[in-house]
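User: I'm new to reading protein models and would like a close look at one part of this one. Could you walk me through it slowly?

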Amino acid sequence: MANKMVQEDRGGNAGSLRLLPWTNEGKACWLSPASEGSVISAMADVMEAEQVRDGREVLVHARRLMETSDQLDLHVLKFIAVRLAECLSDVLRVAESRGIRLGVADPTPDDDLGESLEEEPKTSE
């Protein structure tokens with residue numbers, strides 16, 4: 001049975017916990033719905049906006065590199081792939097958090113998928 005990560009605020013109103021855009025030792029961090037408008041909530045808003053912006057910027061640079069060079073070095077391709085994967089992971093976390101808050105996403109992620117998304121690729125940069 002899925003845990004819906006719902007908590008009541010001080011007024012007795014039920015709301016979903018907010019999935020924060022960072023982790024603590026690889027574990028998800030959550031914020032109480034009663035903390036909406038708090039400093040931590042504002043920090044999360046700023047960080048989510050920065051993660052989405054960073055993802056756009058990395059995508060633009062990756063596309064330029066891929067379009068302008070006929071022969072990309074293996075290390076450059078690995079670098080591009082790692083940066084794109086990092087950005088995709090961040091943006092998926094933002095999307096998951098927002099979906100939960102809108103009530104359109106299940107707040108209990110697939111454990112196997114979550115673990116594989118958290119793994120850092122092994123690179124020799």
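How many residues does helix α1 have, and how far does it reach from its first C-alpha to its last?

Analyst: Some ground rules to begin with. This is a predicted model, where local features need pLDDT of at least 70 and side-chain atom pairs count only at pLDDT 80 or more, while totals for chains, interfaces and linings use all residues. Residues are numbered from 1 along each chain as its sequence is written, and side-chain values use heavy atoms, with hydrogens and water left out.

Now, your helix: α1 covers residues 39–68, so 30 residues, and reaches 43 Å, close to the 44 Å expected at 1.5 Å a residue (that is 1.5 Å times one less than its number of residues). Helices here are DSSP runs of H or I with at least four residues, and strands are E runs of at least two, numbered from the N terminus.

Which residues of α1 are buried? They are Ser-41, Ala-44, Glu-48, Gln-51, Gly-55 and Ala-62; buried means under 20% relative accessible area, exposed over 50%, and partly exposed in between, using a 1.4 Å probe and protein chains only. An α-helix has 3.6 residues a turn, so residues three or four places apart point the same way. Among what covers those buried residues are β3, β4 (27–31) and α2 (74–102).

Take Arg-18, in strand β3 (residues 18–24). Arg-18 is buried too, at 3% relative accessible area. Beyond its neighbours within four places in sequence, Arg-18 is in contact (heavy atoms within 4.5 Å) with residues including Ser-41, Ala-44, Asp-45 and Glu-48.

Over in helix α2 sits Arg-83, partly exposed at 22% relative accessibility. Arg-83 and Ala-62 are 21 residues apart in sequence and 8.9 Å apart in space, C-alpha to C-alpha.
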